[in-house]
Amino acid sequence: MLLGKSLVSIFKLLNDKKISSKEVIDYFLKRIEKYNQKLNAYLTVNKSYKFKKDDKLRVPIAIKDNFCTKNIKTTASSKVLENFIPPYESTVTKRLLDASFFILGKTNLDAWAHGSSTETSDFGPTKNPWDLSRSPGGSSGGSAAVVSSYLAPAAIGSETAGSIRQPSAWSGIIGLKPTYGRVSRYGLIAMASSLDCPGPLTLTTEDAAFILKIIAGKDKFDATTVEFEVPDYFSKIKEKKKFIIGITEEYLEGVDDEIKEAFYQLIKILEKMGHQIKKIKLLSPKYAISVYTVIQRAEVSSNLARYDGLRYGNDRTFFGSEAKRRIMLGAYVLSYGYYDAYYKKAQKVRTLIIEDFKKVFKEVDLILAPTTPIPALKLGEFEKYPFFGEIMDILAEPAAISGICAISFPFGLTKKNNLPIGLQLMGRWFEEENILNLTYQIEKETDFLGVIKNGIKNYPD
Amino acid sequence: MKKNSLTNEAVIHLARLAGLSLTEEEIKKYKRQLEETISYIDNLNELNTTNISPTSHAILLTNVFFKDGKKNERALNLGEVFQNTKNKENNYFKVKKIFDE
Amino acid sequence: MGSYQPIIGLEIHVELKTSSKMFCQCFADYFGKEPNTQVCPVCLGMPGALPVPNKKAIEWTILIGKALNCKINRFSKFDRKHYFYPDLPKGYQISQYDEPIAQNGKFEIRDSKFEIKKTIRIRRIHLEEDTGKLIHSKNGTLIDFNRAGVPLIEIVTEPDFDNSDDVKRFLEELQVLIRYLGISDADMEKGTMRMEPNISVREIRSTKHEIRNKSDKKIQNTKLYSQNNDMPNYKVEVKNINSFRFVKQAIDYEIKRQIEILKSGKLPSQETRGFDEKKGITYPQRTKEEASDYRYFPEPDIPPLVFAQDYINSIKLPELPSQKLNRYVSDFGIRFEDAFILTRDRKMSEYFEAIISKIKNQIAKLHIKNQNYKQIVANFIINKKISTQLSIDEFINKLIDNLKPKEVDRKLLIEVIDKVLKNNQKAVEDYKKGKTNAIMFLVGQVMKEMRGKAEAKMVREEIEKIINQ
């Protein structure tokens, strides 16, 4: 019985010939048939798998619909690209295909990855598998919902400022944002070029490590990827290491009481496990929001300039209102007379934030914090919040701005509404093995308080 | 005029720079939203950044190039070039006639 | 009293002849290729595509920077320049804004004696990508992106010119230099070299500033252009000039036009004008709506460029045309005019040097006594007496052959002379009477009969001998 099996265990079953690729893929296709309409997690389902007798072993994975997949429709959830069929493959999906993966389908997102709720998708919002009246988070909401309801054993998302971690927290699964430059962006429909990071959403830490090893590494088609060797994350997470973990008051301001409670609970457990907890001081995350807002809007308005309907897609009248707003603000902060006041200033504050982290990481190995201030919001509630709810990303943005790596994992449910609580670990640049290692330890020690197992129970075969 | 308030003309100008055409209603809506955002991001001025240099690239990479003459692995054939094109003519992309140079 | 001084600056674009485009591996040589057959997701501006810069294009920019005596910036970067136009796939051009690769150089215009006439300051040289090509059809505009992404160097001069002849000289010399470096064909007709002059005119009021040593012409001519009045507050950019010949025409027309306006008491408008080749005039172009706000910001997809001094030093200039010319004149003793012609083309000069190097050991075979063999080789090349398509050895052999004193069949010669003298008695009589020129006619007749197998000097000697017998 496949239900709830991790990616790595499915690989094992296939390798041991206990099951065939066809069976695995058919299994997920059946589940998608059963649940996707309700969740609206997949925009495109890939039924093209041809079952040849001597075909290679293929494991299914879901891909966020802002990765260009050759000959599979790719829309970025926008009507501008509603019929776009890329004639080329992104590097991330190419590496996955070369490693025996099968693209099960393309998942829903906030249009152009602008947002934290998946409600700005031009093709309807995705529902949170834990509560269909709520948002799964965003922008990788579709990928998070797919994994949380086991419509794929794992998924790929992208993060600019919380877009992997926040939906992972709200949907009760694991989401990893690698260091900027660790994974290639070639073929990822650009949002904010200096911030975008592709990363995995998974049910187990092993799966995240496994996928990261495959997709990470220098790409000659992306000048912003680094040459550093890719460690064998899969084996590194099993090393018995003890860490110095930083915690800070700044990241607890305005956080829901139940989430704080879970946070303190975990701290006790970590101390018992032999790790050291240390209080640290960090710049308030509110500055990161401003930095992010300026830089992201500027880069977005620039990156969306190519969509004129001339060579492909529809023209600019097909942009949704959120996209239009961001493009306008981006034009504003870059425009004559404002560049120094906004863009350059934001880049300088960015330097301050980076220096802040560098300083703190001299004292600690990792930083523990809640992933989001509150659990999943109801659909439609976002409009009440500034930046259409991006304020939800406040705890995720400092890591995004500085480029460091971070991972979100579930840790219990709220008693109030039975919603997943997400906590995150932030690590030094290019030290993904540390945050993965500790997450693995927590997983082994607590099973994340049963969240993932229980989530899937709501979606029987 | 307050620094954070925008005129309608400013909004229309921005829209033009950004290649967008807005309705009257949208101009009003975006004006408000832009002003709101601009107010928030003013908190950047709370931090002292004299003598701080801006960071364009969070990861300190420099000098990334490719060697001239390498094989082109990404060449597209004509079918691929035009598979998403709405208006073409004889293997050219086509657009409404442009009059100025 | 109105005396007018034109103020002209140039913006020159040179397409590099790298193998690959600037930010992707598509072929850069697009001339004559079927439309949209040299494109990829990057140069088509497709979703998710990213630029990676071409190392050679950067090196060649440093090379031309050095050749134009520029300072090569240790830190440089690319920036995005935003505007919408159908030939610009990304909605922005990757260019360089405030940290170009090279700055503050100079280039000298020389007169016909190769003396430095004027020094033109180079403001900056930067690297960017070319756009696609637009073709106007009956009911629309067609776009070919084969050219999109080809590396383009932009050279901007200070407004140091004040006449069209200097501009033409400058462009011609610049073209020779660029071709010498082997970085571009720099052909105005093919579009691998493009230029746009910025022209204004100002009235010279009676000036307090006198040039000292007016009598010392040399000082006067080599002085950098000095501003003794304010710069005019307008300038006119002229586009669509496709050859050096038209450059002169366009500039002269425009200067005249602006002077007329100034004379009438008005100020010419700041605008962009096109050049009509057929009519030889400039005309106003539809102005773009408002001053462009390009919203430059550093290109986030490309890490900055940091050039170590060692690296900059390692990019070595070949011997430049002016250096070579001096060497030919002073070291080789070649006549200036001939050295000038030889050094216009690098391949030609290399060919020449290869020949004179190889032929050093065989000078005796040339039978030239005390003449300068290098000059002789130069003559043969310039006068096209021997084809330069031949290999070095073939050329040398032909040269030796050409310079060999011709061996004559004496018996035949005497026979022919006798025949000619017999048939041309009048000429013989004339000669005997003292008309020495008559012999030239006889020599000519004999040469004709001998079909070039005899040398004129020798024939004349023989004829004289026989007549005077």
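A: A salt bridge here is a side-chain nitrogen of Lys or Arg within 4 Å of a carboxyl oxygen of Asp or Glu. By that rule, the count between chain B and chain A is 3 salt bridges. In one of them, the side chain of B:Glu26 meets that of A:Lys324, at 2.8 Å from N to O.

This is a predicted model, in which local features need pLDDT of at least 70 and side-chain atom pairs count only at pLDDT 80 or more, while totals for chains, interfaces and linings use all residues. Residues are numbered from 1 along each chain as its sequence is written, chains are lettered from A in the order in which they are written, and side-chain values use heavy atoms, with hydrogens and water left out.

Contact (heavy atoms within 4.5 Å) links 48 residues of chain B with 58 residues of chain A. Buried area is the accessible area (1.4 Å probe) that two parts lose on being put together, summed over both. For chain B and chain A this area is about 4,900 Å², and carbon and sulfur atoms give 65% of it. On the chain B side, the most area is lost by B:Leu44, B:Ile59 and B:Asn84, together 13% of what that side buries.

By class, the side of chain B that touches chain A has 23 nonpolar residues (Ala, Val, Leu, Ile, Met, Phe, Trp, Tyr, Cys and Pro), 10 charged residues (Asp, Glu, Lys and Arg) and 15 polar residues (the others, Gly among them).
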